[in-house]
Amino acid sequence: MATTKQSLKSYGTKDPLVKYTVEHSIRHTDVQKKLGEETLKMERGMMLGAPEVLQLNQNLIRSIKAKKVLDVGVFTGASALSAALALPGDGEVHALDTSKEFTDIGKKYWKEAGVSHKVHLYIAPASETLQKFIDEGQKNTFDFAFVDADKEGYDKYYEQCLVLIRSGGIIAFDNTLQNGKVADAEEKSPHVVAIRKLNEKLKDDSRIEISFLKIGDGLTLCFKK
Ligand SMILES: C[S@@+](CC[C@H](N)C(=O)[O-])C[C@H]1O[C@@H](n2cnc3c(N)ncnc32)[C@H](O)[C@@H]1O
C-alpha cells in the first residue's frame, strides 16, 4: 500500500538521511494516513508522534509478544492506533490523556480501523490513572509503555511504569533529545531541564537496560530487568 507523503510528519524534515529512511520503511494503513493528514492540519498538529518512532513501537510490541500496552499522552490517537494494530485480537491499549477534544479525534479512527475494542481511554492526569492501576493490583502486568505526555511528568511516569511493567517489558520515552536542547547547558526551559534530569537518571539506573536512539526527536528505550 503506497504511503502519501503528506500524511508523514517526518517527510517535512530537512535531514536527507531521515527523509530517506522514512521513505524506505514506513508502512501505514489507509486509516493511519487519514489520521496523520487530519492531525497535521490542526494548529498543534506537530505533537503527532513521528511515524518512524510509532512503527518501531509496533515492531517492539510484536517482538516481545505484548498483550497489554500503556499509551501515556494520546493526542489524536496515532500512537494508540499503531499499538492496537500491532497487538493480537485480545490485546489491550490503556490510553491516558487529559483532553477529550483531542482524543475524540482518535476514537473516530480507532473505530474505522476496527480496533476500538482494544483501546481503553482514561481522561485524567496520567499520574492519577497510573496510580489507580497500581492500587488496583495491576503491578507487573503491562508489557510495553509509550510515554509522550507533559515532559515535566516523565520522571513520575517512569517510576509508576516501572511498577506496572513486567520484567522484560519496555518503557519508551519520546522526545528525549528536545531538538538537541538537552545538550545545550544554557537552555533552562522547564521541560528541557526535566528531560535532561531524566536522561541523567536513566543513564546509570540499574533497574533497567537502556538504548538511547537518535530517531524522531529522541527515543529512550528502557528494558526492565
Ligand atoms: C505529544 S502529544 C501525544 C502524541 C501522541 N502520542 C501521538 O502519537 O500522536 C501529548 C499529549 O499529552 C497530553 N497531556 C499533557 N499533560 C498530560 C497529563 N498530565 N496527563 C495526561 N496527558 C497529558 C496532551 O493533552 C497531549 O494530547
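In the classes used here, Ala, Val, Leu, Ile, Met, Phe, Trp, Tyr, Cys and Pro count as nonpolar, Asp, Glu, Lys and Arg as charged, and the others, Gly among them, as polar. The model is predicted, so that local features need pLDDT of at least 70 and side-chain atom pairs count only at pLDDT 80 or more, while totals for chains, interfaces and linings use all residues. Residues are numbered from 1 along each chain as its sequence is written, and side-chain values use heavy atoms, with hydrogens and water left out.

## The ligand and its shell

The ligand is surrounded by 21 residues, the closest being Gly-73, Ser-79, Asp-97, Ala-126 and Asp-148 (a residue is near if one of its heavy atoms lies within 4 Å). By class, this shell has 13 nonpolar, five polar and three charged residues.

An N or O atom in the side chain of Ser-79 is 2.8 Å from a ligand nitrogen, a polar backbone atom of Ala-126 is 2.9 Å from a ligand nitrogen, and a polar side-chain atom of Asp-150 lies 3.2 Å from a ligand nitrogen. Of the 600 Å² of accessible area that the ligand has on its own, the protein covers 87% (Shrake-Rupley method, 1.4 Å probe).

## The largest pocket

On a 1 Å grid over the protein atoms alone, a pocket is an open set of points with protein on both sides within 12 Å along at least five of seven lines, a cavity is a set where a 1.4 Å probe fits but cannot get out, and lining residues have an atom within 4 Å of a point. The ligand takes up the space of the largest pocket (more than half of its atoms lie within 2 Å of the grid points).

This pocket has a volume of about 1100 Å³, and among its 38 lining residues Lys-9, Met-46, Met-47, Leu-48 and Asn-175 are the closest to its centre. The lining divides into 16 nonpolar, 11 polar and 11 charged residues.

## The cavities

Two cavities of 30 Å³ or more are found in the whole structure. The largest cavity holds about 140 Å³ of space, and of its 17 lining residues His-28, Gln-32, Pro-51, Leu-54 and Ala-78 lie nearest its centre.

The second largest cavity has a volume of about 30 Å³, and its lining includes Ser-79, whose side chain also approaches a ligand nitrogen at 2.8 Å.

How values were computed:
Polar contact = N/O pair within 3.5 Å; in protein donor to acceptor, adjacent residues only side chain to side chain. Points joined across faces, edges and corners; volume = space filled by probe spheres on them.
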